[in-house]
Amino acid sequence: MSGPWNDFNSAQSNTNVIPKGTLAKVRLTLRPGGFDDASQGWTGGWARRAATGAVYLDAEYTVLEGPFARRKIWSLIGLNSPKGPDWANMGRGMIRGILNSARGVSDKDASPEAQLRRRINGFGDLDGLEFIARIDVGQDTNGDDKNEIRAAVTPDHREYAGLMGAVAPQSPAASFHSLAPQQPVASPQTSQPVSEPGNAGRPSWAQ
């Protein structure tokens, strides 16, 4: 006897991981870490410092539309690592991509207006941005698969317009000079930080 309730080899895998390469519109929420370094421009209590000395933004992404709507993904955006500049360079590239995607700027656009749209007053300007993300799969501390976001999809991608919808018009000034000043985060929970992600699934220079 063989049927769907006798043979489960063809059943959907019981995994909670969104398939690698999925494109989705997400909202970025930064979880405050309470670490500031004014010399680096890290103010407002948004950055987090790990015991290893690595500094990063603790990012939560909420899928807004499609079959995975309301799912949440957690990833780190690197700001600094004692092992070298690679993690920070990756973090700056990620933020550039987020700004391009959220503000409808081609990555190839080097016009003065595009350059203004890639500027922020502080990390608080990133909190709440909606953009198109390419979802990846990494591993957690137990070696199990978990979703990560390492890249944003910009208007150069053929699927961007359909996924993003209309992007609110912005004048060049609104992208930087007229943005509301970053507000400090009230009472960052430095005494009870969010549990630091383990080393698995993040670059060795961030460990």
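**Close-up views of the predicted model**

**Figure 1. Pairing of β1 with β6.** β6 also takes part in a pairing with β1. These two strands run antiparallel, and 5 bridges join them. V26 stands opposite F131 in β6. V26 is also one of the residues in contact with F131 when neighbours within four places in sequence are left aside.

**Figure 2. Surroundings of F131.** Leaving aside its neighbours within four places in sequence, F131 is in contact with A24, K25, V26 and L28, and also with Y61, I98, S101, A102, A152 and M164. F131 is among the residues with the most contacts inside the largest nonpolar core.

**Figure 3. The nonpolar cores.** Another core, of 5 residues, lies apart from it; among its members are L23, I132, V153 and M164. In soluble globular proteins, nonpolar side chains tend to be buried together.

**Figure 4. The second largest pocket.** About 480 Å³ of space lies in this pocket. Its lining consists of 19 residues, of which G91, R92, I95, I120 and F123 are the closest to the pocket centre. β5 (72-80) and α1 (86-103) each supply at least two residues of the lining. The element that gives the most is α1, with 7 residues. By residue type, the lining divides into 7 nonpolar, 8 polar and 4 charged.

**Figure 5. G124 in the loop between α2 and β6.** G124 lies in the loop between α2 (112-117) and β6. Its relative accessible area is 21%, so G124 counts as partly exposed, the limit for a buried residue being under 20%. G124 and L30 are 94 residues apart in sequence, and their C-alpha atoms are 8.0 Å apart in space.

**Figure 6. R70 in the loop between β4 and β5.** R70 is placed in the loop between β4 and β5. Its phi is near 80°, a positive value in a residue other than glycine. R70 counts as exposed because its relative accessibility is 71%, and exposed means over 50%.

**Figure 7. The chain as a whole, for orientation.** The secondary structure comes to 4 helices and 7 strands. From the N terminus on, the elements run β-β-β-β-β-α-α-β-β-α-α. The chain has 207 residues, and buried residues make up 36% of them. Among contacts between residues at least 6 apart in sequence, 63% join residues at least 24 apart.

Terms used:
Residues are numbered from 1 along each chain as its sequence is written. This is a predicted model: local features need pLDDT of at least 70, side-chain atom pairs count only at pLDDT 80 or more; totals for chains, interfaces and linings use all residues. Side-chain values use heavy atoms; hydrogens and water are left out. On a 1 Å grid over the protein atoms alone, a cavity is a set of points where a 1.4 Å probe fits but cannot get out, and a pocket is an open set with protein on both sides within 12 Å along at least five of seven lines; lining residues have an atom within 4 Å of a point. Grid points are joined across faces, edges and corners, and a volume is the space filled by probe spheres set on the points. Ala, Val, Leu, Ile, Met, Phe, Trp, Tyr, Cys and Pro count as nonpolar, Asp, Glu, Lys and Arg as charged, and the others, Gly among them, as polar. A nonpolar core is a set of buried Ala, Val, Leu, Ile, Met, Phe, Trp, Tyr and Cys residues joined through side-chain atoms within 4.5 Å. Buried means under 20% relative accessible area, exposed over 50%, partly exposed in between (1.4 Å probe, protein chains only). Contact means heavy atoms within 4.5 Å. Two strands pair if DSSP finds at least two bridges between them.
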